[in-house]
Amino acid sequence: RATLRQRKRLLTHYIFPALGDLPVKEINSASVFDVLENIHRAAPAQTAFARQCISGIMGQAIIRGLADADPVYILRTEHRAPKTVHHRPLERREINPFLAALEAANMQEQTRIAVKLAFWTLCRSREVIGARWDEFDLDAGTWSIPEARMKKREAHVVPLSTQAVVALKALRMLMPNRQVLFPNAHDPRRSAAATYLNKAVTRLGFEGFTAHGIRATGSTLLHEMKFRSEVLEHQLSHVERNKTKASYNRAGYLDERRDMMQSWADLLDALRQGTTNVQ
């Protein structure tokens, strides 16, 4: 679905306005180059997808006898995609200034809580942003994410630290009568945009650190804290290939994961307060 929406946006905003009214045989490499140039300026990572879209359309035109050649082929080495920047984790010494910057930032309180919830749970950005109140049992300290919202389409139970429960109760008082935790500014019945969390993180100015890097940060430090890899991997919702084992582990690891995530939240507090020895 995401890929389909992406292709539709490229066609609607860039390709059709420039090429849609031209007879197919009049679409040449120069006109396609201009379209790709505009896309590359606005969203470099999308250029290759646009090239594929146009080439696919021209291929169908050739099959139907409406065009003689694909003008995109000669442009295949133009507009190289930008080099992928891997989302780095925060170093241990950076957590204190990051959390201080988060507290001081001029942002809505629900946005601040969204970033904290990502840290406290190590869930993916879209899992956090799409959270709904009916998924939470704050008395039991659990968050049950349905399979439809998980990357691998397997339901995931997330233990909540005491810090997370306190913040979520405050959020509920701040925004009562809402079904979603982080509502869209234009339609509060829907969750915020997928980029919501990443924008909040990147605006704090830690170079190369994005919302995706939160999971890497937690993984790195929890490994250093000597928690079992299989417990951490389950918290990160990395799918267990053996379905029988996965079912067993869902129950067997919950208590261990609860202890682990409470220790993680406590460490974040200690690092923020400067009460632990940061190496």
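A: Happy to. Let's begin at the turn: in the hairpin of E1 and E2, Gly141 takes a positive phi near 70°, and 4 residues sit between the two strands. A word on the model before going further: it is a predicted one, where local features need pLDDT of at least 70, side-chain atom pairs count only at pLDDT 80 or more, and totals for chains, interfaces and linings use all residues. Residues are numbered from 1 along each chain as its sequence is written, and side-chain values use heavy atoms, with hydrogens and water left out.

Strand E1 covers residues 136-137 and strand E2 residues 142-145; the two run antiparallel, joined by 2 bridges. Here strands are DSSP runs of E with at least two residues, helices are runs of H or I with at least four, and both are numbered from the N terminus. Two strands pair if DSSP finds at least two bridges between them.

As for the setting, the protein has 12 helices and 3 strands, and its C-alpha trace spans about 70 × 45 × 40 Å along the principal axes. Of its 279 residues, 42% count as buried, that is, under 20% relative accessible area with a 1.4 Å probe and protein chains only, whereas exposed would be over 50% and partly exposed in between.
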